[in-house]
Amino acid sequence: MKVTISDVARLAGVSTATVSHTINSTRYVSGETKEKVYRAIAELGYTPDASARSFRTGKKKTIGFIVPDISNKFFATMIESVENYLSAHGYHLIIANTKENPEREETNIRLLSAGLVDGLLIASTMEDFSRFESLIPAGFPVVLVDRTFDTKRFPSVSVSNFQPIYRSVCRLAGKGDKRIGMIGGLPRLSSTKERIAAYQEAVADCGLPQDDLLIRYGNSMENSAQSCLDELLEQKCDALVVAQGLMASETVIYLHKKGLKLGEDIDLVTFVDYDSDINYLYSNQMDCIIQPVEKLGETAGELILRRIETPDAPAFEQVLTSTYQPCSM
């Protein structure tokens, strides 16, 4: 049975009018009362129909952005780009951090879509599209960022890295590397699936060993690369492809501590998705796949404002491309 505003009011111990005013910011409500209402909304899983007239009392000029790790400079850079674009168009940005936890994402979607913001940008950590879709109120503007689903019911903006990864693996094979290790992100993510598929196709086309032990998975959080690197070096890898910027920086530091020289003892392909002194210092010793992070954020801001203006427009994907930059050695 669908949860109603009366259910929320009953659990919070307030009137339905107070719930409505809290959701829509149409009258002063104390902080203590707001907390009770939002706690009840989260506990009951209440999602108001955004298309209903009673919940459409005007724009709040605020967008929510749900990200998997706010400390990761890739997302921090993207957030800044989104905020710059929205600010120039008179909008504010609210950030919610999931720490790659689907339950935290679910809570944040419910709270933010319950009247706090005009629309949501989401870099989702969920794998189950039906679960994700069930959280979005009917007619509520949403744009997926960086990570998408096979089912295309929401507009999205992402970056394709298939060709750069394919080319980088083929280049390593051409240099004589035989055992090329690969570190991807969480296996459930669309971005990881594409990057692993590109690696596997290149390995097969170049006649290299197709060994599952050469593929390891980290995540967007800090310090997730080391265990992957320990295992790959045990597999006698002579080259590595690290398909995420934070893990790439950690890899360079790890190899340096191990006394391994880039381009001599081991070849490396890294993702560059934020400004880093490490990328600057070692750019001539490793291949780089450069992500258009600022453009990704700007496009996300543009798409969500367009979605707010025309919420019933057909969903479409916008795919940006990364740049492959071989090292000069």
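Student: In which crossing, left-handed or right-handed, does α4 pass α12?

Tutor: α4 passes α12 in a right-handed crossing, meaning the near helix is turned clockwise from the far one by less than a right angle. This is a predicted model, where local features need pLDDT of at least 70 and side-chain atom pairs pLDDT 80 or more, while totals for chains, interfaces and linings use all residues. Residues are numbered from 1 along each chain as its sequence is written, and side-chain values use heavy atoms, without hydrogens and water.

Student: Which residues of α4 make the contact?

Tutor: F74, T77, M78, S81, V82, Y85 and L86. Among their partners on α12 are V293, L296 and I304; contact means heavy atoms within 4.5 Å.

Student: New topic. How many aromatic pairs are there?

Tutor: The structure holds five; rings of Phe, Tyr and Trp (its six-membered ring) pair if their centres lie within 6.5 Å. One of them, F132 with F149, is tilted, at 5.0 Å centre to centre and 40 degrees between the planes. Planes under 30 degrees apart count as stacked, over 60 as edge-to-face and the rest as tilted.

Student: Is F132 buried or exposed?

Tutor: F132 is buried, at 0% relative accessibility. F149 is buried too, at 6%. Buried means under 20% relative accessible area, exposed over 50%, partly exposed in between (1.4 Å probe, protein chains only).

Student: Which residues do ring pairs link into a cluster?

Tutor: F129, F132, F149 and F154.

Student: And what does N101 count as?

Tutor: N101 counts as partly exposed, at 28% relative accessibility.

Note on methods. Helices (H or I, at least four residues) and strands (E, at least two) are DSSP runs, numbered from the N terminus.
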